[in-house]
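I opened this model to follow its sheet, its helix packing and a few single residues. My entries are below.

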Amino acid sequence: MGGTRNPVVVGLDGSTASWGALRWAVRHAALRGLPLRVLHAAGSAGPEAWAAGRSMIAEAVAEARALRPGLTVTGDVIDGQPVTELCAASETAEVVAVAGRGVGGFPGLRLGSVSAHLAAQARGTVAVVHNPEVWLNLTPAAESDLPVLVGSDSSPESERAIAVGFEEAALRGVPLVAIRAWQPPLIAHRGEIRQLHVDRAASDRSAQYAVREAVAAGRAKYPEVKVDTRVVSAGPAAAIVTASDDAQLVVVGSRGHSRITGPRLGTTADQLLRHVQCPIMIVRSGGDQPPAAE
């Protein structure tokens with residue numbers, strides 16, 4: 001294969017969770033036939049910490065090569081802060097992967113500050129690996145028949161997420177589940193929040209038509225991928241979080257229909273980052289590029 005190929009980049013901070021993210025990234029790189037780059041941002045740490053970081057990276061590179069012989073793997077210790085360096089790496093990476101929570105935080109915290117800021121500020125695709133202990137107990141060659149899950153809301157970001165979801169499902173040889181969530185509009189009346197009366201049957205038909213249209217191009221491009229379209233009467237985040245219990249990957253756009261610009265995520269993407277039960281991939285369309293982190 002000629003030309004320079006964008007690598008899969010994974011951040012390693014020494015936590016057990018980050019080693020699980022490394023194993024997820026090894027499999028992702030191997031599935032796509034891409035090189036893997038392992039990064040550790042040492043920042044202003046002293047000489048002893050830098051030496052420990054170099055030793056850790058050497059161990060990670062050796063482990064990745066042992067897990068997937070033939071995989072091109074490199075590693076670097078960088079003088080910088082994790083969010084800044086990983087955001088910079090995202091400009092030329094296929095995807096940047098991190099554990100949901102690394103060093104720091106407290107028991108029960110699912111999303112750490114590095115993963116949260118990276119997902120919001122990166123200029124490319126970000127994968128946040130929740131429940132990384134699964135990957136510590138399985139080799140990257142282990143296969144899962146659980147589907148890839150995507151949300152559909154007809155936005156350009158959703159269209160891009162669906163396209164990536166089809167790619168991931170095809171590479172893994174698993175089904176794709178596309179969810180369209182809707183709820184009747186809410187109104188405030190005399191201090192109470194009520195739902196407007198709507199024709200639910202008609203709304204369901206409209207939503208089902210919309211989600212089938214959304215996956216039509218992917219069906220044509222990947223006819224081997226089995227597609228399950230679902231319409232759920234719930235908020236989009238709640239619908240996808242519930243379905244993520246039985247998925248191996250969630251793929252979602254960064255902002256959906258949100259009109260807020262700048263280095264942030266939409267409400268749905270932010271909620272999914274904090275609550276899904278499996279790895280989640282945040283993708284951006286060509287016009288959804290936040291400013292680089294400073």
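What covers the buried residues of α4? I found that the cover includes α3, β4, β5 and α10, with contact meaning heavy atoms within 4.5 Å. The buried residues of α4 are S115, A116, L118, A119, A120 and Q121. Buried means under 20% relative accessible area, exposed over 50%, and partly exposed in between, with a 1.4 Å probe and protein chains only.

Ground rules, before going on. This is a predicted model, where local features need pLDDT of at least 70, side-chain atom pairs count only at pLDDT 80 or more, and totals for chains, interfaces and linings use all residues. Residues are numbered from 1 along each chain as its sequence is written, and side-chain values use heavy atoms, with hydrogens and water left out. Helices (H or I, at least four residues) and strands (E, at least two) are DSSP runs, numbered from the N terminus.

Entry: α3 against α4. I looked up how helix α3 (residues 82-90) sits on helix α4 (residues 113-121). They pack at about 35 degrees, with axes 9 Å apart. Axes are lines fitted to C-alpha atoms, for helices over the stretch in contact, and angles run from 0 to 180 degrees between N-to-C directions. The crossing of α3 past α4 is right-handed; that is, the near helix is turned clockwise from the far one by less than a right angle. From α3, P82, V83, L86 and C87 meet V114, H117, L118 and Q121 of α4.

Entry: I traced 10 strands in an open sheet, ordered β3-β2-β1-β4-β5-β12-β11-β6-β7-β10, with mixed pairing. Two strands pair if DSSP finds at least two bridges between them. β3 (73-78) and β10 (227-233) each have a single partner strand, so one side of each lacks a neighbour in the sheet. The twist averages 20 degrees from one strand to the next. β4 (residues 95-99) and β5 (residues 126-129) pair in the parallel sense over four bridges. V96 stands opposite V126 in β5.

Entry: helices on the sheet. α6 (residues 156-172) lies across β6, β7, β10, β11 and β12, at about 170 degrees to β6. α10 (residues 267-275) lies across β5, β11 and β12, at about 155 degrees to β12.

Entry: T125. Buried or exposed, I asked of T125? T125 counts as buried, because its relative accessibility is 16%. T125 is in the loop between α4 and β5. Leaving out residues up to four places away in sequence, T125 touches E94, V95, V96, M281, I282 and V283.

Entry: S154. This residue lies in the loop between β6 and α6. S154 has a positive phi of about 75 degrees, though not a glycine. Most residues other than glycine have a negative phi. At 39% relative accessibility, S154 is partly exposed.

Entry: cysteines. C87 is buried at 5% relative accessibility. C278 is buried too, with a relative accessible area of 5%. I counted zero disulfides, taking a pair of cysteine sulfur atoms within 2.5 Å as one.
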